[in-house]
Structure formats: structure tokens, C-alpha cells
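Subject: Structure handover and findings

Hello,

Please find the structure below. My notes on it come after, for use when you set up your own work.

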Amino acid sequence: MSFPLSIPAAEQNPGDTLEQRAFDIKGMRCGSCAARLEAALSRLDDVRNARVNLATERAHLTVSPGLPQATILAAVQKAGYEASPVARNDTAQAGSHQAPDGRPVAVAAVLTAPLVAPMILGLLGAHVMLPGWLQLLLATPVQFWLGWPFYRSAWKALQVRAGNMDLLVAIGTSAAFGLSVFLLLAEADAPHAHLYFETSATVISLVLFGKWLEARARQQAMSAIHALQALRPKVARLRVGDVDRDVPIDSVLCDDFVVLRAGERVPVDGNIVEGIGDVDESMLTGESLPVPKRPGDRVSGGSINGGSALLIRATAVGANTLLAQIIRLVEDAQAAKAPIQRLADRVSAVFVPLVLGLAAITFLAWWLLTGNTELALINAVTVLVVACPCALGLATPVAIMAGTGVAARHGILVKDVGAIEIARKISAVVFDKTGTLTEGRPQLVLTRATEGQEAGLLALAAALQAGSDHPLARAVRDAVANAGAPGFRASTIRSLPGRGVEGEIDGERYIMGHRRFMEEHGVLTGVWADEAARLEQDGHTLAWLAQPRDGQLLGLFAFGDRLRPTAAAAVSQLKEMGVRTALITGDNTGAARRVAEQTGVDSQAAQVLPADKAAAVEALRAGHHVVAMVGDGINDAPALAAADIGIAMGGGADAAIHAAGITLMRNDPSLVAASIDISRRTYAKMRQNLFWASIYNLVCIPLAALGLLNPVLAGGAMALSSVSVVANALLLRRWRPERPNNGNT
């Protein structure tokens, strides 16, 4: 079976005359809210495409230029939400939301605990009963104050003739609460009458807790965009004539001259006018080595200048910079994802009217047959109580909590609960190279000395590189420390950005750098020409050391990124699970080929920029694959967001971690297979729980309608169903990830 990994060519948008508009949306509470609003907007004339992003609380529309803004705002309002237009230049600033408020959950728990305590004590043999008026006092604020959002959401659903979990919660808890009030008033002389205040309060408290967890997951999703925005400096140093002054970044225009001091982050895209230096572009390429830059070369906003001052001419500012485009890629990819599909919500669309109709039929039938209004009311309310979706509402979240909990204990952090449902279906895994399958830092892998004294050669190189923060310098010093080579001290060390370094050791001048630097000093490197070509073809970085006074070549150093110990075993595990694998990297073709051969991935692509990584992932998805992207760099964020699910290495950049649905807390690629395994097991528990919850309703609702259950038994059956669902989910705590066999590494 072929598994090509291709980078699609850029396509021209056939709708060049169309407009892109964005709107902030207020009032959405769940994925069904976003889906309903998206459907309402899509029905408008002149709206070609509508996407509603629950995480950013924004709607993105492609519309005809003549469509009035008021028409869109009116459609949003009619659907039950509020909208405000967003300026195009502000599109990348979405997501400035505060953390979800957990105080309602805490208050609900405090008020509900005394109501639940007698039931728990009863199971232990102690019979305690709170006075009815005290139960009413505790349950009323939970029902009508803390539970008010459910009533509001239920009303909106009814207005558009839809059903959701909020509607079921509102109906079920209101039935239990109303029946309790009725019994409390009707049997005032019976102080031990069974009431159902604990049922209504417990259901609302549990669902509030689930809503809070869901809101936290949405907030986590927005952190990806915030991390990318943090790369954009707020101030730039502008040169006007002979004067340099700091100005706000928004004041910089194209063709302005911007001064970059050593160590500063580049504020705009531009071309170098003056200066030679190294620029850290790892946020774009994911590679750890700085890139040599000279006049005429391009630099991108968000990258970090090295140790030399540079002067650049701005070519793109604001929303047109490459960094801003990456931010939009992440936001657009998140918006394009389908909302989390809640099976319980889909069932409720039919379940709610069915239960209401059955309750009405039950009341009428018993009233007509017996003429006893109280009996008819109790049987009808029993139907509503027994149909209250406690087990149905718990089925999915308890399985998710158990699965994500055991996964976290083994180094797998699931931050997007929808990732579990997606991860189980993964058929293709795309790995970034650097920091994912490899360790992400260059190491000295080979040394060649003309006189065979490699230890002495290492000592000379370490002396020249003393005090340098360049990754290759650190690799040399690490190699010297491991080899125990003799030490030298260099003087008059001078760094030559983009070329190398020179200095004096024991009165003799030495130079170290790339091949062109050697040629500038008349040093011939042909003695190792064939080996150097082979090393470069395999993706290694080379450095040469020589004495320029007489053109004597002393040695050659080859640097490379080592494979992680479990990388090959991780790929093998995925293949055993029937999952295809691919490698995609911004590094050169030789390095990609070498890693692909060592790990056994099915396909590879090299020298790929962030937008192209996302395009490659989209191409695999178009080929009917469910794709997981595994990466660790800022440059991987668009691809992580574009994939069906992103998996980030925990030691990587914040933007990559926040754009992913799953984070591997250890830098161990074998956890990718473990993530898929626990997702499959967790989803299986979700299906089992939903099955048992449904069976409970299918059996108990007819019994309640026939008068074979009373509210006490209905409440007990509901509690039993919830306990069985929780107990089944807790079986996931036994799970352990399979340990990889590293023998082939």
C-alpha cells in the first residue's frame, strides 16, 4: 500500500472577489451552540462559507461584498446569541478570555453535600433524615440560582426546536424538585416522607462540574495563539536618517529601516541591508542551528538575532508577516475542526420530546383510568425522574476522567477531551524530526585529524569556542569533557558571524569554521573531500580547523542530531497497530533520509516550511486518513492544529504544546502508540457506559409509565445506574502502556 507524503502546490482562491469577515460571539455554551449558529449563518444568502469556533468564540464568514453587516448581526441575534464585528487587522488577536469561574461548582458542592450525606450514611446502616424544610432551603439556590444557565440554554434550544443536555437537565431536575415540593406540602404531617431534593441538586452539581472542565479545555486551546502572539515584540528600533528611536511595533511601515541589536527578537519581516550575523529561526524551521545571514538575506518576524547588530528594511508588517500568517493558520485550523460530537446530545434531540410525550400520556392514561389525579401526577413525574439523564450524562465524562487520569500517570497529558474520540481512529502518524524522533541538539559525531591526534584537535577546538553560546560550540565542549582531552587557553578570540572563529593559542593563530572560511585563507580541504561530501549528503554539519599562516589543515568535525533511544521502536509499535508513519522536517534532505532509514518510517519530506507542513497534513487527511501530527517546535503549531489530532513533546515550545490535543510529558516517542491505545480503551468504556445508561432508560421508563415503579425506586435505580457507570470506568485504572523493545535501535 503506497503512502505518499506530498506538499500540495498553493492554489489560487477562485473567490478572489469574496470578503472574509470575523465576528466575536457571546452566549455559546457547548458544541451544539456553535453548530446551530453555524447552520443559521450558512442559510443566509450571499454567505459562501461559515465557521464558528467555540474555543475562540468567533465566527469566520466568507461572504459576497454587498452583504450588509446588519443582516449577519440579526441572524446571530435570532439564533439566540450576540455578535460584534472584528476589524481584519485584529483577527489574530482572538482568545483574550479569562479562566473559567469555578466558584459556582464549589458553592453547588457545599450546598449539595448535606443532601447526599444521609443517602450515603443509609448505605452504611445509619438512618439520618434532614427535615424537609432544610432540604428545600439547601436545594432551592442550587436549582434556580446555580442552575439558571441550564434553564436559559434550554429555552434557547426550544426556540430553535432543538434538544440538548441542558434541556434534559432542566426538565429532569425540575421534575424531581417539583415533586419534592409537592410531597413536602401534601404530606406536611409526615415528617419522614421521601423527598428528591438530593436528586435535583446532585445532577446540577455534577453537570456544572463537567461544564467547568469543558470550559477549561477550551481555554487551553486558546493558549496556542497566545504563545505565538508572545513572539511578536511590542517595540521596534526605527532608523530615520542618522537617528535611532524606539517606536510601537504598529508604527512600523513597509520600507522602514529597523535596527536589530544583538539578542533581540526580529519585529517585522525584512531584508538585511547592513551587517553579517547568525539568526535563530527555530520558530520557523524547528532546527536548533542558527542560520548565517548577510546583506540581501531575508529575516522573519519572531526569529532571534544573534551576536551582531543588523539593519533591515521592512518588507511585511502587522498582519502580513510570516508570524501573523502562522497565527492565522493555527486559528483557522482550529475553527475548521468539527465540534466535539456528544452522543448524549444527539440522542437528546429525540429523547426529550419522546419523554415529555410519554409523561403526558402516562398522566392522561392514569387519570382517565383511575380518576386519581395525585396518582396520575406521581406516575408521570416518576417517568421524568427516572428519565433524568444522570447516568447518560456521566457515561462519557467519567470514562474520560478515568482514562485521562491513568494516562497522565504514565506521561500522557490529554488536554482536549475530544482527542480521545479522534485518537482511537488514527491511521497515519506524521513525525517532525528535530526534538521528536531526534534529541533536538547537535552533537559531535565524527572527528578527523590530519596527524591522528584527535584528542589534541578537540582541545584546540574547545579553546577557540570557549565562552560561545553557539550550539556547535557547546557540542565541542561536551565532547572534550567526555573525552578528558588536555586543555588549552586561547587569546584574542574573534567571532566572525556567518563564517567561523579565530584566535591565538601558544602564539600560533588558528581558525575554525565552514569550508568557505577555509578557502578565504587559502586552506585546501580536498584531503577529505569525498568523506565530507558523504557526510553533508547524510545531513551532517561540518566544521574545519586550520593554521592559516601556512595553510595547514588540522582536522574536520562532523555534527549531527542523534536519534532518540526509543524512536525506531516507537515506529515499529505503530506499524504493529496498523498505523502508517511519515517524517516531515524543515531540515535538509540528507538528514531526513538518514533518520527515515534508521527508524523505518514509510515516507518522508524535507526542507518544509510551517505552512507546507500544514498542507501536507491536509493532503493526508484528504486521502481518507485520520492523521496525528507529532512535533515539538513553534514551526509545528500549524500542522498540529491542522491534523485531526496534534501530539506535542513535553520538552518543546509552548505554542506546539498548546496547539496539540495530547502532550507527551516525557520526550519519548513510544508514548505515541500508548496514547492511541489508551484512547481506544477509553472510547470503548464510553460506548459501554452509554449502552448501559440507555438500557437503564429503555427498561425503567416503561416500568414507570405502567406504575410499576414509584419515585423512591426510580431514584434508587437512577443512583444504581450511575454507580455502575462509574465502576465500569474505573476499570481503566489498571491500564499500563506497553514497553517498547529497543533492540533494533
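The notes below go from the chain as a whole to the cores, the surface and the salt bridges.

This is a predicted model, in which local features need pLDDT of at least 70 and side-chain atom pairs count only at pLDDT 80 or more, while totals for chains, interfaces and linings use all residues. Residues are numbered from 1 along each chain as its sequence is written, and side-chain values use heavy atoms, with hydrogens and water left out.

Confidence

pLDDT is the predictor's confidence in each residue, on a scale from 0 to 100. Its mean over the chain is 79, and 80% of the residues reach 70 or more. Residues 89-97 have pLDDT below 50, and this stretch has 27 contacts in the model beyond near neighbours in sequence; a contact means heavy atoms within 4.5 Å. Residues 336-341 also stay under 50, with 11 contacts beyond four places in sequence. Where pLDDT is low, the predicted coordinates should not be read in detail.

The chain as a whole

The secondary structure comes to 25 helices and 26 strands. These are DSSP runs numbered from the N terminus, with H or I over at least four residues for helices and E over at least two for strands. Of the 745 residues, 51% count as buried. Buried means under 20% relative accessible area, exposed over 50%, and partly exposed in between, using a 1.4 Å probe and protein chains only. Among contacts with a separation of 6 or more, 69% are between residues 24 or more positions apart. The accessible surface is about 33,400 Å², and 56% of that belongs to carbon and sulfur atoms. Areas come from the Shrake-Rupley method with a 1.4 Å probe; for residues, only the protein chains shown count as cover.

Nonpolar cores

A nonpolar core is a set of buried Ala, Val, Leu, Ile, Met, Phe, Trp, Tyr and Cys residues joined through side-chain atoms within 4.5 Å. The largest one has 45 residues, and Ile-412, Val-429 and Ile-662 have the most contacts inside it. Helix α24 (residues 671-705) supplies the largest share of this core, 9 residues. A second, separate core has 37 residues, including Val-169, Ala-176, Leu-179 and Leu-195.

What does Ile-662 touch, not counting residues up to four places away in sequence? Its partners include Ile-412, Leu-413 and Val-414, as well as Ala-419, Ala-423, Ile-645 and Ser-675.

Other covered parts

Helix α15 (residues 454-464) is mostly covered, with 8 of its 11 residues buried. Among them are Leu-457, Leu-458 and Leu-464.

Phe-559 lies in strand β21 (residues 552-563). Phe-559 counts as buried because its relative accessibility is 2%. Leaving aside neighbours within four places in sequence, Phe-559 is in contact with Gln-443, Leu-444 and Val-445, with Leu-472, Ala-475 and Val-476, and with His-540, Thr-541 and Ala-543. Its C-alpha atom is 9.9 Å from that of Glu-536, which is 23 residues away along the chain.

Surface patch

Phe-691, Trp-692, Ile-695, Leu-698, Val-699, Leu-703, Leu-706 and Leu-708 make a nonpolar surface patch of about 810 Å². Patches are made of residues with over 30% relative accessible area and no salt bridge; like charges are joined within 9 Å, and nonpolar side chains (Val, Leu, Ile, Met, Phe, Trp, Tyr) within 5 Å. Phe-691 is in helix α24, and counts as partly exposed because its relative accessibility is 47%.

Salt bridges

The structure holds 19 salt bridges, each being a side-chain nitrogen of Lys or Arg within 4 Å of a carboxyl oxygen of Asp or Glu.

- Glu-19 and Arg-21 form a salt bridge, with the closest N and O atoms 3.0 Å apart. Glu-19 is partly exposed at 30%, whereas Arg-21 is buried at 14%.
- Arg-448 and Glu-531 meet in another, at 3.0 Å from N to O. This pair links distant parts of the chain, Arg-448 in strand β16 (residues 438-449) and Glu-531 in helix α18 (residues 529-537), 83 residues apart. Arg-448 is partly exposed at 29%, and Glu-531 is buried at 17%.
- Glu-531 also forms a salt bridge with Arg-534, at 3.6 Å between the closest N and O atoms. The two are separated by about one helical turn because they are 3 residues apart in helix α18. Arg-534 is partly exposed at 41%.

Regards
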